Amino acid sequence: MSCTCGHSDESAKQEALLTALDKYKTVKGALIPLLQEAQEIYGYLPKEVMQQISKSLGVPFSKTFGVVTFYAQFHLKPRGRNIIRVCQGTACHVRGASKVFDGVSKKLGVEKNGTTEDLRYTLETVACLGACGLAPVMMVNDDTHGRLTPDKAVSTLEKYE
Ligand code: FES
């Protein structure tokens, strides 16, 4: 049964995690794939989840934590529903990418890798999005937006709930 308190959602996640733990219990080298699955389920890796994974695989928590902090693909905090990636590659840089980033950062009130309090956006940077001809470029989720100015970038974000 669904409710608005979020409990049913949490228990569904816990159940999915238990299934994943079970699946990898006896698999060698399972730490990274299991962390990936757990992150798919939760959207990030809460401490309790990392503890459960460590316990299930019999690896020290410090090792699990070390892996999570080493790889950029893992996240220790909840992320926004919309992931913004402002390109900071050379082509974008020379065409004002820093101003685009600053404009977005100021509008959202978050720094690099920050997430807005309402979890609507996470702001990241990236080295090159492979669309240099459209510099400066940012991606929002899977959409590429090019030839940006700070104002254009900010107004583009408004359509992402
Ligand atoms: S440098 Fe920005 S897309 Fe290549």
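How many helices and how many strands are there in the chain? The model on display is predicted, and its chain holds seven helices and five strands.

**The whole chain.** Of the 161 residues in the chain, 20% are buried. Among the contacts with a separation of 6 or more, 59% are between residues 24 or more positions apart.

**Helices α2 and α4.** Now select residues 31-42, which form helix α2, together with residues 61-70, which form helix α4. At what angle do the axes of α2 and α4 cross? The crossing is at roughly 70 degrees, and the two axes come within 11 Å of each other. Because an angle of 65 to 115 degrees counts as roughly perpendicular, α2 is described as roughly perpendicular to α4. The crossing of these two helices is right-handed.

**The contact between them.** Finally, display the side chains at this crossing. On α2, select Leu 31, Ile 32 and Leu 35; on α4, select Thr 64, Val 67 and Val 68. These residues make the contact between the two helices. Which classes of residue does the contact of α2 with α4 have? Five of its residues are nonpolar and one is polar, while no charged residue takes part.

Conventions:
Residues numbered from 1 in each chain as written. Predicted model: local features only at pLDDT ≥ 70, side-chain atom pairs only at ≥ 80, totals over all residues. Axes fitted to C-alpha atoms, helices over the stretch in contact; angles between N-to-C directions. Helix = DSSP H or I, 4+ residues; strand = E, 2+ residues; numbered from the N terminus. Parallel < 35°, antiparallel > 145°, perpendicular 65-115°, else oblique. Left-handed = near helix turned anticlockwise from the far one by under 90°. Contact = placed C-beta atoms within 7 Å. Nonpolar A, V, L, I, M, F, W, Y, C, P; charged D, E, K, R; others polar. Buried ≥ 20, exposed ≤ 12 C-beta atoms within 10 Å, placed from the backbone.
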